[in-house]
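Trainee: Could you go through this structure with me and set each value beside the rule that gives it its name?

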Amino acid sequence: MAEQQQFYLLLGNLMSPDNTARKQAEETYDTIPGPNKITFLLQAIRDASATEEVKQMAAVLLRRLLSSSFEEIYPGLTLEMQTAIKTELLTSIQQETSPNIRKKVCDIAAELSRNLIGKAPLNFPGIFGNQQQHYMEVIKRMLVQCMQDQENPQIRTLAARAAASFVLSNESNTALLKHFSDLLPGILQAVNESCYQGDDSVLKSLVEIADTAPKYLRPNLEATLQLSLKLCADTNLTNMQRQLALEVIVTLSETAAAMLRKHTAIVSQSVPQMLAMMVDLEEDEEWAMADELEDDDFDSNAVAGESALDRIACGLGGKIVLPMIKQHIMQMLQNPDWKYRHAGLMALSAIGEGCHQQMEAILNEIVSFVLLFCSDPHPRVRYAACNAIGQMATDFAPTFQKKFHDKVISALLQTMEDQSNPRVQAHAAAALINFTEDCPKSLLIPYLDNLVQHLHVIMVAKLQELIQKGTKLVLEQVVTSIASVADTAEEKFVPYYDLFMPSLKHIVENAVQKELRLLRGKTIECISLIGLAVGKEKFMPDASAVMQLLLKTQTDFNDLEDDDPQISYMISAWARMCKILGKEFQQYLPVVMGPLMKTASIKPEVALLDTQDMENISEDDGWEFVNLGDQQSFGIKTAGLEEKATACQMLVCYAKELKEGFVEYTEQVVKLMVPLLKFYFHDDILFVFFLTMSRVRVAAAESMPLLLECARVRGPEYLTQMWHFMCDALIKAIGTEPDSDVLSEIMHSFAKCIELMGDGCLNNEHFEELGGILKGKLEEHFKNQELRQAKRQDEDYDEQVEETLQDEDENDVYILTKVSDILHSVFSSYKEKVLPWFEQLLQLIVQLICPNRPWADRQWGLCIFDDVVEHCSPSSFKYAEYFLRPMLQSLCDSSPEVRQAAAYGVGVMAQYGGENYRPFCTEAIPLLVGVIQAAESRSKENVNATENCISAVGKVMRFRPECANVNEILPHWLGWLPLNEDKEEAVHTFDFLCDLIETNNPIILGPDNSNLPKIFLIIAEGVANESVKSEDACSKRLAHVIRQVQASGGLWTQCVSTLNETQQKAIQDLLNAA
């Protein structure tokens, strides 16, 4: 009893406003063993004599304990104690008279249930347990009756929320949703009523339904949309309620676009609502002179309206949205009120991505109109015009730059001279950055003088302003504009280097105050980008001084705050310096690597918080929250995570650039990177967050083969240890990674690692796990295709849905290519030994090459069998019954990609297959010749397939001459050369050509060597097109042939005289290199 009283005192001190007392109490609380804590906290909750504050604190602490330390404490309790805890909680829920405490005890019970699911016998089943189907009518009747309770508005609201929750918890049960569809009118009525009572909880539930179970709304979609429109338009409601009502429509445009496209008349009424929100701006006399860019106020109507417009345009597509909005925007742009003109221009910026195709057709008209507003009398309209130009420069690149470079550069430079409105000046500079980033170099060069002159004048003026007034906003943007121009102009920026570098170094040396951190960071970025652009030779005289400046900043790195913007700029600048200096950069690694590893090691803080906890945490502290409903949120501290991603990418850069020079750091980097491959996915909460961390996982994957290459210099034992450390994690990541972009990078890296490590790098357990994963990927591929076919039969199917399905299909096929990459690396490393393992995948690969499959399936299925023939022959012939006939038939396929894969297969059959493949090589020759001689065989889409056919014919003649009439085919084959597109196959054909010339083949050389001029032409074109490179073995043989002719005087003159200047140079280059 005394102990419990002491514990109450401790709880009181934990709530004390006195920091010292509270801290001491926290330290004491932390020393109490977990089981004792549970006992004391439960007793406090159940103690009728304890104050409400103490009981409330005990409840919060107990839930937090079960949330954060469940695995450490609960499994170690005796079964009696575990049962007692459950009994105490249930009793408390039944008997507690305070609604607040009862709610908190329910939260504890829910937390315990969540942890127990799947781990122990569970006394907290789902609310209806396995009896849900049995009670279906009772549940429905109860919800309907409660939603019709005319005397209790609160009951109606709670019933509507319960109905929505029930729908959401059964989102995939189509029959149940249909059965409960007649509850929706009651939910909608409750949404309407509760909003006017100041309660938006049912409206939030409706947004969740739109997001998770949109098809539930179909029977009453019109009523849902009409209600949402009505609430959105009602200015008597709060901004948040109006925005939530709009969110219902916008969410449906993303989750059920095809369904919504059937109600365009109502949807079109939402567009004026969004535009009206965008006009909701405040007059601000100080706006144009502001020197700090404040973050967007995401709660404001203007930002919400713009975001909604962007999303609905992307969701429904330009075909629907542009006709709805175009006339409204044109009217707004002619309105005398600046707010309307501003909103019209911002709306144009917002819809560019979603209406891309339709806007591109009228881009001339749009751009001409927007440019007029660069001279608008109101600064905020000029700002919006710059915003629209910058956005279009990104959305429509490079078409925008090619068509409008003259007008746009002129307008932006003119706007940048707006000295009296720094905010506008800065935004014009930002638009120029967008324009130059995606501008083809050749287009920018003619404007360089003019651009540089303007940028230099503004930079000098703003540098003076910084010294005199302390203003920096325009200078920050101009420095980045200079960097962007240099980045695009590359070596053409050399003449302007000396104009900027002294001032930029001056800024880095002197801009040391805290408020100038961003300027200093951007200037460091600018210097490194200019250095990279102009090249090592021009930059070297300044390199030492720049490195010293960077080193000085690096020395102060530990003093920088976590959110200091200089950190990410510094990290990227070091990587650029590494690219400029190459091996000479190695000496700086000891200084650079410590802070870089520290940044790359940042761990995200995560927490499950209730309303009380959240009162002490602000989003301004770098926390972002995912609302879990019912007074709980999941918090993620995102500060520093962008820097972490950048740091990881820079480590990849160092490994790639320095190779063995990076070997000292491979061990610590691999220990950092391997755990980063893991995708953390829990209860759909972290999904949102970890997608933003995909850059980290991509960098981790990219680093693996690079680190192995760096480590090679330490010998095979060290290399093998490193590979063992990363192998398991790579295989597991292939099985668990949900983001297809990241997954493809992991699979690609794994394949490269196997190629690097070779035979023996995978043990039996690895093969077993890998086989299961690849089998799963292939099965998923087929299942996804079936699902897409089902969607094509859906009543909402339309051409926009088809576009989405084709995007999904491309994604799927890309993963299929990576499955092929992995199998290629396994076959090339393990040869025939791996065939028994491969047989678990055989039937799935055979399925890929069935005639009814899409062409991409057949292409990649054939590529896999090509590898089996190339690397596992002669044993590969035991699978001939599965692939030989489809391969030969595919030589005449309508898809060039399939023809190419089949032709390559015939080539490797001839080269590696063995005796068993002879009849098939014979059968293939006329088919190959038919493809080569077909009309349009050399067109852009067909040329790669045709060149593979030419190479295959060559390989049959070279390795299986008995399968072809060589004397008859050779003259034709020579006439088909050279191969210009497929560089790999070009080398094979040149090798064979060398064989024929060196053996003085009379058909190839012709009577009296009359074919030699033709051969010279083939060689010259091959070298000029880089089909033959100096490192290729055949280049020395070709050079030898040329030298022999060179020695013969007249014949040499005859051969060279038929070549043009480029071809003659190519011959000379070949001789010089060999």
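This is a predicted model: local features need pLDDT of at least 70, side-chain atom pairs count only at pLDDT 80 or more; totals for chains, interfaces and linings use all residues.

Trainee: How do you know that the span of helix 26 agrees with its number of residues?

Mentor: Helices are DSSP runs of H or I with at least four residues, strands are runs of E with at least two, and both are numbered from the N terminus. The expected span is 1.5 Å times one less than the number of residues, so the 17 residues of helix 26 should span 24 Å, and the end C-alpha atoms, 25 Å apart, agree with that. Just after helix 26, Glu490 takes a positive phi of about 50 degrees.

Trainee: Why is Ser484 called buried?

Mentor: Ser484, which is found in helix 26 (residues 473–489), has a relative accessibility of 7% and therefore counts as buried. Contact means heavy atoms within 4.5 Å, and, not counting residues up to four places away in sequence, Ser484 touches Ile433, Thr436 and Glu437.

Trainee: How do you know that helix 42 has the span it should have?

Mentor: Helix 42 (residues 855–872) has 18 residues and should therefore span 26 Å, and its end C-alpha atoms are 25 Å apart, which agrees. Helix 42 is also mostly covered, with 17 of its 18 residues buried.

Trainee: Why is the aromatic pair of Phe877 and Phe920 called tilted?

Mentor: Rings of Phe, Tyr and Trp (its six-membered ring) pair if their centres lie within 6.5 Å, and planes under 30 degrees apart count as stacked, over 60 as edge-to-face and the rest as tilted. The whole structure has 25 aromatic pairs. In the pair of Phe877 and Phe920 the centres are 6.4 Å apart and the planes make 50 degrees, and the pair is tilted.

Trainee: What does the pair tie together?

Mentor: Phe877 lies in the loop between helix 42 and helix 43 (880–890) and Phe920 in helix 45 (residues 918–933), so the pair ties together parts that are 43 residues apart in sequence. Phe877 is partly exposed, with a relative accessible area of 26%, whereas Phe920, at 17% relative accessibility, counts as buried.

Trainee: What makes a space a cavity, and how many cavities does the count come to?

Mentor: On a 1 Å grid over the protein atoms alone, a cavity is a set of points where a 1.4 Å probe fits but cannot get out, and lining residues have an atom within 4 Å of a point. By this rule there are 7 cavities of 30 Å³ or more. Helix 17 gives the most to the lining of the largest cavity, with 5 residues.

Technical notes:
Residues are numbered from 1 along each chain as its sequence is written. Side-chain values use heavy atoms; hydrogens and water are left out. Buried means under 20% relative accessible area, exposed over 50%, partly exposed in between (1.4 Å probe, protein chains only). On a 1 Å grid over the protein atoms alone, a cavity is a set of points where a 1.4 Å probe fits but cannot get out, and a pocket is an open set with protein on both sides within 12 Å along at least five of seven lines; lining residues have an atom within 4 Å of a point. Grid points are joined across faces, edges and corners, and a volume is the space filled by probe spheres set on the points.
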